Amino acid sequence: MSTAIIDLRSDTVTQPSEQMRRAMASAEVGDDVYGEDPTINRLESRAAEIFGRQAAIFVPSGTMGNQIAIKLHTRPGQEILCEERGHIANWEMAMLAWFSGCMVRPIAAPQGILSWDLIAPKLAPPIYYVAPTGLIELENTHNMAGGTVTPENTMHDICARAHERKIPVHLDGARIFNAAAFLNRPVAELTKGFDSVMFCLSKGLGAPVGSLLVGGKEFIAEARSVRKALGGGMRQAGVLAAAGLIALEEGPKRLHEDHANVRLLAEGVAAIKGITIDLPTVQTNVVICDVSATGKTSAEIATALKAAGVLIGTVNPQLVRFVTHLNVTTAQCKQAVEKLAAICRA
Ligand code: TLP
């Protein structure tokens, strides 16, 4: 049995491949603040092309991509509607309040999947003494709901109805390629109704760093100013974009392997006494399970697993998260299940 650490904390932990390292070493670069990095320019135009959009901008992180979009779509004093477990509401340092002066109106959605029926009652009425709804935000796949996929029609319906009311819609598509793999649909089709889309190269696609924000030409031109204001002018970052280009072209092709591994892991873990998983919601490369009936907290389980060479994430005292990616094998997922079963039996 291998003694290598099995890291299931996140798909952000992937190591750049040999091909990426070679491309990074030989990347043609220039100063991107002057728009002169040819590798970044190539990455941005490929991203725009793949998403069927006018333009794209390379940003250091998904968080920065989301926050630039929020800044551009809203004005201070507005509300942003999103699912209550959404990344922008919980894991982005309240930056939408800090930087854009907005507040979240969270919506609880079963399996993290918003619909117009859930959104409509939360829209601000058009009364001068009520904070207006400035933005609707969706997350697909939904990370903290366990990598669940919002169906294509649901997204199109939300976008169309929001636009009838002149409300913009942003997609946190950090893992939109996982949704595309699950639905077997092109990302351009899935995301065509959104005013802007952020997606990450540094998660399942395997790049060491970077995300893109895609949208209209003017929107992305303004995004360049906001990125600069946030300190995101990265100069000769073509070395990162070189890895990003490989992630963008090659990464999506193998995501079904991560999905198969998570399914195997989820089925194995669901058979352990005291652990609950809603198996039909396991659709992509994330699984979240409730460990409370084991008599142990999530932190106790994570600590015991760490001692056995398996790293996992904790969501709260009851919930743990496993994420598969290109640096974990099927055999390692099986080992992780066995080690967890032994800990829960003890
Ligand atoms: N998610 C990370 C943690 O921050 C939770 C992870 O390990 O899953 N949107 C979504 C849906 C995300 O899951 C993440 C990262 C981001 C945005 C932010 O991306 P980064 O980390 O590049 O700022």
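Predicted model: local features only at pLDDT ≥ 70, side-chain atom pairs only at ≥ 80, totals over all residues.

Arg46 belongs to helix α2 (residues 38-50) and Glu249 to helix α11, so the pair ties together parts that are 203 residues apart in sequence. Side chains of opposite charge can pair when their charged atoms come close.

Arg46 has a relative accessibility of 26% and therefore counts as partly exposed. Glu249, at 28% relative accessibility, also counts as partly exposed.

## Other salt bridges

A search of the whole structure gives 18 salt bridges. One of them joins Arg9 and Asp7, with the closest N and O atoms 2.6 Å apart. Arg9 is partly exposed, with a relative accessible area of 39%. Asp7 stands at 14% relative accessibility and counts as buried, because the limit for that class is under 20%.

Arg85 and Glu83 also meet through their side chains in a salt bridge, at 3.3 Å from N to O. Arg85 is partly exposed, its relative accessible area being 29%, whereas Glu83 counts as buried at 3% relative accessibility.

## Nonpolar cores

The largest nonpolar core holds 49 residues, and the members that touch the most others are Phe58, Ile119, Ile136, Ile176, Phe177, Phe199 and Leu201. Helix α11 (residues 238-250) gives the most to this core, contributing seven residues. Apart from this core lies another one, of 28 residues, with Cys289, Val320, Cys333 and Ala336 among them.

Which residues does Leu201 contact, leaving aside its neighbours within four places in sequence? The list consists of Leu43, Phe58, Gly206, Ala207, Gly210, Ser211, Leu212, Gly244, Ala247 and Leu248. Of these contacts, Phe58 is also named among the core members that touch the most others.

## Domains

The chain is divided into two parts: domain 1 (6-13 + 254-345) and domain 2 (18-251). The contact takes 16 residues from domain 1 and 21 residues from domain 2. Between the C-alpha centres of domain 1 and domain 2 the separation is 27 Å.

Ser202 is placed in the loop between β7 (196-200) and β8 (211-215). Is Ser202 buried or exposed? Its relative accessibility is 13%, and Ser202 therefore counts as buried, the cut-off being under 20%.

Not counting residues up to four places away in sequence, Ser202 touches Asp11, Thr12, Thr14, Ala207, Pro208, Val209 and Gly210. Ala207 and Gly210 are also in contact with Leu201.

## A surface patch

On the surface, Ile127, Tyr128 and Tyr129 form a nonpolar patch, and together these residues have about 440 Å² of accessible area. Ile127 lies in the loop between α6 (116-119) and β5 (133-139). At 33% relative accessibility, Ile127 counts as partly exposed, because that class runs between the buried limit of 20% and the exposed limit of 50%.

Methods: Residues numbered from 1 in each chain as written. Heavy atoms only, no water. Core = buried A, V, L, I, M, F, W, Y, C linked by side-chain atoms within 4.5 Å. Buried < 20%, exposed > 50% of the residue type's maximum accessible area, 1.4 Å probe, protein only. Helix = DSSP H or I, 4+ residues; strand = E, 2+ residues; numbered from the N terminus. Contact = heavy atoms within 4.5 Å. Patch = residues over 30% accessible without salt bridge, like charges linked within 9 Å, V, L, I, M, F, W, Y side chains within 5 Å. Areas by Shrake-Rupley, 256 points an atom, 1.4 Å probe, with all protein chains shown as cover. Salt bridge = Lys/Arg side-chain N within 4 Å of Asp/Glu carboxyl O. Domains from an automatic or database assignment.
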